[in-house]
Amino acid sequence: EFGRVADDLSIAVTLRAIGTSVVLSSLGSVAAYVLNDRIGLRLPIGGAILLMSAMLLGMILGSRSAAWFVFYISLLQIGWIFLNCYLYTALIDANNLLVPAATPFSAVGSVVGAGLMGYVLDHGGVTGALALTLGCMLLTALLTLPFLRSPAVEAAQAVAAS
């Protein structure tokens, strides 16, 4: 629906673009696997949030064509999968007892989020949808980044423990 509303694309073009982006989204998990914890958690999480925000802004304010939509939605999907890998890692790092709660909370968020996004699209258009999504991205950053340990602190704790 977003491709049709934002970029005035046909249903067929939108479905092909989203299908392509889902296939390419596997690159997000590959990138998380390759990067591993070389630069900690803060930078990958913050970088993924910035990438996804830029792609959302590009979808609304950038060029409008099927090719650009595929580009934006693919990088958005890659960033989403990459971010999820690191958010789960951050959750495990903070307290692995919280991990079983993550899936039900994610499911509730998906249900509520889809309904809320539909309402916002109907009443606020793509600008409202962008505002809601960027607000959620900011909330994710605020609820995650301040609570992550930096690699320097972890290294100092490891040295002190040995």
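## The largest pocket

The largest pocket in this predicted model holds about 2,200 Å³ of space. A pocket here is an open set of points on a 1 Å grid over the protein atoms alone, where a 1.4 Å probe fits and protein lies on both sides within 12 Å along at least five of seven lines. Grid points are joined across faces, edges and corners, and the volume is the space filled by probe spheres set on the points.

Helix 6 provides the largest share, at 24 residues. By type, the lining splits into 35 nonpolar, twelve polar and three charged residues.

## Overall fold

Seven helices and zero strands make up the secondary structure of the chain, giving the pattern α-α-α-α-α-α-α along the sequence. Helices (H or I, at least four residues) and strands (E, at least two) are DSSP runs, numbered from the N terminus. Of the chain's 162 residues, 30% count as buried; buried means under 20% relative accessible area, exposed over 50%, and partly exposed in between (1.4 Å probe, protein chains only).

On the surface, Leu24, Leu27, Val30, Tyr33 and Val34 form a nonpolar patch with about 500 Å² of accessible area together. Areas come from the Shrake-Rupley method with a 1.4 Å probe, and for residues only the protein chains shown count as cover. Patch members have over 30% relative accessible area and no salt bridge, and nonpolar side chains (Val, Leu, Ile, Met, Phe, Trp, Tyr) are joined within 5 Å. A salt bridge would be a side-chain nitrogen of Lys or Arg within 4 Å of a carboxyl oxygen of Asp or Glu.

Helix 3 (residues 26-35) gives the most to the patch, with four residues. Val34, found in helix 3, is partly exposed, with a relative accessible area of 49%. Ala32 is also placed in helix 3, but it is buried at 11%. C-alpha to C-alpha, Ala32 and Gly79 are 10.0 Å apart in space and 47 residues apart in sequence.

## Loops worth a look

Asn36 is in the loop between helix 3 and helix 4 and is partly exposed at 46%. Asn36 has a positive phi of about 55° although it is not a glycine. Most residues other than glycine have a negative phi.

Ser65, in the loop between helix 4 and helix 5, is partly exposed at 25%. Its C-alpha atom is 7.8 Å from that of Leu9, 56 residues away along the chain. Leu148 is in the loop between helix 6 and helix 7 (151-161) and is buried at 8%. Leu148 and Leu41 are 107 residues apart in sequence, with 7.0 Å between their C-alpha atoms.

## Ground rules

Residues are numbered from 1 along each chain as its sequence is written, and side-chain values use heavy atoms, with hydrogens and water left out. Local features need pLDDT of at least 70 and side-chain atom pairs count only at pLDDT 80 or more, while totals for chains, interfaces and linings use all residues.

Conventions:
On a 1 Å grid over the protein atoms alone, a cavity is a set of points where a 1.4 Å probe fits but cannot get out, and a pocket is an open set with protein on both sides within 12 Å along at least five of seven lines; lining residues have an atom within 4 Å of a point. Ala, Val, Leu, Ile, Met, Phe, Trp, Tyr, Cys and Pro count as nonpolar, Asp, Glu, Lys and Arg as charged, and the others, Gly among them, as polar. Patches are made of residues with over 30% relative accessible area and no salt bridge: like charges are joined within 9 Å, nonpolar side chains (Val, Leu, Ile, Met, Phe, Trp, Tyr) within 5 Å.
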